Amino acid sequence: MKNRSDTGKISRNAPCPCGSGQKYKHCCLNKSSSTRQSDLQYAKRHRIRIKTPEQIEGIRRAGQLVIETLDLVAPHIRPGVTTDEINAMVHDFTVRHGAVPAPLNYRGFPKSVCISINEVICHGIPGDRPFKDGDIVNVDVTSILNSYYADASKTFFVGTPGADAQKIVNVSQQCLAEGMAVVRPGNTVGDIGHAIQSYAEGQGCSVVREFVGHGVGVDFHEAPQIPHYGKPGSGVRLVPGMVFTIEPMINLGKKELVVLEDGWTAITKDGSLSAQFEQTLMVTESGVESLTPYPL
């Protein structure tokens, strides 16, 4: 099948050149000429998929399932419960709702959810470890519903938290809020990172460099990358229809990390506590909308 007609026009049934993965007739064909041209140019220049209203609605539905999953496990983050029990809850709930847990078998990851405790920064693999009073636990859920991805995480307290645990969780949560507050058309990826870095370091904490936010929706990981540190005005400019995660990983001590022999589990090099909050966000005409909304 030809992608373009003899006149050079894009065929209605051809893959849309914006990179959405949809046919042209279901994507950019129905946009205004100026909007279509702008989105196509942005996709070509930055490999960023500007999402269509149909795609955004699909991501929003996947996001609702992610939030329901986090709400489901929240009361079970208590002493004595194992990370494998939480994994089973996430897997069963996701599948029952007609979705797929995105982490399962992704590049060899063996479980359906990432669960990271205390000094574990991210990508903790569920197992037989039980939660203990005073732990902090990040649960990172990504669901694929009707081929659309949404991604969010929260860090929970187990029992009664100590002062250090309270501090790092509060700082991490506020870092996400600070990053979201500067998401609007005309601002840049660097503005997001600068807002997060400034707040975290102002609280005496550090920002992990090796792991970043990312585009999401049609695939698990898309362009652009969203570092949680940076300079104001630097990086890709934000435009309406961009969908990406902000997921700052904040350490109570230094920023350096070590990845364990399993190839996944990242821990703080100095053994300090680490916390993370994440939401999937869309740039709107005037600001930002969370597609995985929960209060901050």
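Predicted model: local features only at pLDDT ≥ 70, side-chain atom pairs only at ≥ 80, totals over all residues.
## Around Trp-264

Trp-264 touches Tyr-106, Arg-107, Gly-108, Phe-109, Cys-122, His-123, Ile-125 and Val-259, leaving aside residues up to four places away in sequence. The tryptophan is found in the loop between β11 (257-259) and β12 (266-268). Is Trp-264 buried or exposed? Its relative accessibility is 18%, and because buried means under 20%, Trp-264 counts as buried.

## The largest pocket

If you are looking for the largest pocket, start with Tyr-106, His-123, Phe-211, His-214 and His-221, which lie nearest its centre. They belong to a lining of 25 residues, and the space inside comes to about 530 Å³.

What is the lining made of, by class? There are 11 nonpolar, 7 polar and 7 charged residues. Strands β4 (136-145), β7 (213-215) and β8 (222-226) each supply at least two residues of the lining, and β8 gives the most, with 3 residues.

Strand β8 has another feature to look at. Pro-224 has its place in this strand, and the peptide bond leading from Ala-223 to Pro-224 is cis, with omega near 5 degrees. As background, most peptide bonds are trans.

## Two asparagines with positive phi

Most residues other than glycine have a negative phi. Asn-118 has a positive phi of about 60 degrees and lies in the loop between β2 (114-117) and β3 (120-122). Asn-146 has a positive phi of about 55 degrees, and its place is in the loop between β4 and β5 (148-157).

Which of the two is buried, and which is exposed? Asn-118 counts as buried, at 13% relative accessibility, whereas Asn-146 is exposed, with a relative accessible area of 55%.

## The nonpolar cores

Nonpolar side chains tend to be buried together in soluble globular proteins. In this model, the largest nonpolar core has 68 residues. Phe-131, Val-139, Ile-168, Ile-192, Phe-244, Ile-246 and Ile-250 touch the most other members. Helix α2 (residues 53-73) gives the most to this core, with 8 residues. Apart from it lies another core, of 7 residues, including Val-208, Phe-211, Met-249 and Ala-266. Phe-211 is also one of the residues that lie nearest the centre of the largest pocket.

Beyond residues up to four places away in sequence, Ile-246 touches Leu-176, Gly-179, Met-180, Val-183, Ile-192, Ile-196, Ile-226, His-228, Phe-277, Glu-278, Gln-279 and Leu-281.

## The protein overall

Stepping back, the protein has 5 helices and 15 strands. Of its 296 residues, 54% are buried. The accessible surface comes to about 13,100 Å², and carbon and sulfur atoms account for 50% of that surface.

How much of the contact pattern joins residues at least 24 apart? Taking contacts between residues at least 6 apart in sequence, the share is 65%.

Methods: Residues numbered from 1 in each chain as written. Heavy atoms only, no water. 1 Å grid on protein atoms, 1.4 Å probe; cavity = no way out; pocket = protein on both sides within 12 Å on 5 of 7 lines; lining within 4 Å. Points joined across faces, edges and corners; volume = space filled by probe spheres on them. Helix = DSSP H or I, 4+ residues; strand = E, 2+ residues; numbered from the N terminus. Nonpolar A, V, L, I, M, F, W, Y, C, P; charged D, E, K, R; others polar. Core = buried A, V, L, I, M, F, W, Y, C linked by side-chain atoms within 4.5 Å. Buried < 20%, exposed > 50% of the residue type's maximum accessible area, 1.4 Å probe, protein only. Contact = heavy atoms within 4.5 Å. Areas by Shrake-Rupley, 256 points an atom, 1.4 Å probe, with all protein chains shown as cover.
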